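Please keep the sequence and the structure in view while reading.

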Amino acid sequence: MKTLARKKCIHVFLAYTGGCNGCDIEVVNAVLSPYYDAEQYNVFLTFNPREADILIVSGCVTLANLKPLKEIYKKIPEPKAVVAVGSCALMGGVYKNIYGDLGPSEFVVAPVDKVIPVDVKVPGCAPRPEDIIAGIVKAIPKILGERK
């Protein structure tokens with residue numbers, strides 16, 4: 001029964017790993033807003049990684065979020081896809097060259113693909129909701145193609 005239900009709709013889990021929070025706002029606009037309405041593609045936001053099909057990661061990966069991100073990724077059942085959203089998630093954004101008194105910051109581990117595998121990359125600072133939806137839709141065939 002669960003397999004059939006997962007074929008009919010896609011659940012996304014949003015993981016914020018550091019940054020300015022601009023990408024999170026755009027993801028929520030893209031997924032939850034009636035204007036953009038990702039639900040027309042049967043895409044729903046979930047807050048339980050065990051129910052998720054697609055992991056959306058926004059923000060640069062900070063040292064504090066490194067272990068939780070890996071744990072969330074492991075909890076998402078196979079097949080799964082990862083969508084990295086925003087320039088911080090893709091290359092560290094404005095946070096990648098932060099310098100402290102002792103040199104480069106060890107607080108920013110970014111980008112996401114150095115921590116977990118990324119299937120779809122959505123550039124922008126902050127990316128448009130249309131681009132985020134297109135990234136999610138681009139990840140859907142991986143999920144459906146591996147399901148029997």
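Strand β4 is mostly covered, with five of its five residues buried. Buried means under 20% relative accessible area, exposed means over 50%, and partly exposed lies in between (1.4 Å probe, protein chains only). Strands (E, at least two residues) and helices (H or I, at least four) are DSSP runs, numbered from the N terminus.

The model is predicted: local features need pLDDT of at least 70, side-chain atom pairs count only at pLDDT 80 or more, and totals for chains, interfaces and linings use all residues. Residues are numbered from 1 along each chain as its sequence is written, and side-chain values use heavy atoms, with hydrogens and water left out.

In a regular strand the side chains alternate between the two faces of the sheet. Both faces of β4 are covered: A81, V83 and V85 are buried on one side, and V82 and A84 on the other.

## The sheet

The open sheet has five strands in the order β2-β1-β3-β4-β7, with parallel pairing. Two strands pair if DSSP finds at least two bridges between them. β2 and β7 stand at the edges with a single partner strand each, so one side of each has no neighbour in the sheet. On average, neighbouring strands are turned by 25° against each other, direction ignored.

β4 pairs with β3 in the parallel sense over five bridges, and with β7, also in the parallel sense, over three bridges. A84 in β4 stands opposite V57 and also opposite K121 in β7. V85 has V122 in β7 as its bridge partner.

From β3 the chain crosses through helix α3 (residues 63-75) to β4, and this β-α-β crossover is right-handed. Right-handed means that, with the strands pointing away from the viewer, the path from the first strand over the helix to the second runs clockwise.

| Helix | Strands it lies across | Angle |
|---|---|---|
| α2 | β1, β2, β3 and β4 | about 165° to β1 |
| α3 | β1, β3 and β4 | about 165° to β3 |

The angles run from 0 to 180 degrees between N-to-C directions, and the axes are lines fitted to C-alpha atoms, for helices over the stretch in contact. Contact means heavy atoms within 4.5 Å.

## The nonpolar cores

A nonpolar core is a set of buried Ala, Val, Leu, Ile, Met, Phe, Trp, Tyr and Cys residues joined through side-chain atoms within 4.5 Å. The largest core has 22 residues, of which I54, I56, V83, V85 and I136 touch the most other members. Elements giving two or more residues to this core include β1 (10-16), β4 (81-85) and α5 (129-146). Helix α5 gives the most, with six residues. A second, separate core of 17 residues includes F13, L55, I76 and A84.

Leaving aside residues up to four places away in sequence, V85 touches C23, V27, I56, V57, S58, G59, V122, P127 and I132.

D131 is found in helix α5 and counts as partly exposed because its relative accessibility is 29%. D131 and A30 are 101 residues apart in sequence and 8.9 Å apart in space, C-alpha to C-alpha.

## Cysteines

How many disulfides does the structure hold? It holds zero, a disulfide being a pair of cysteine sulfur atoms within 2.5 Å. C125 is in no disulfide, and the nearest cysteine sulfur, that of C20, is 5.8 Å away. C125 counts as exposed at 67% relative accessibility, whereas C9 counts as buried at 16%.
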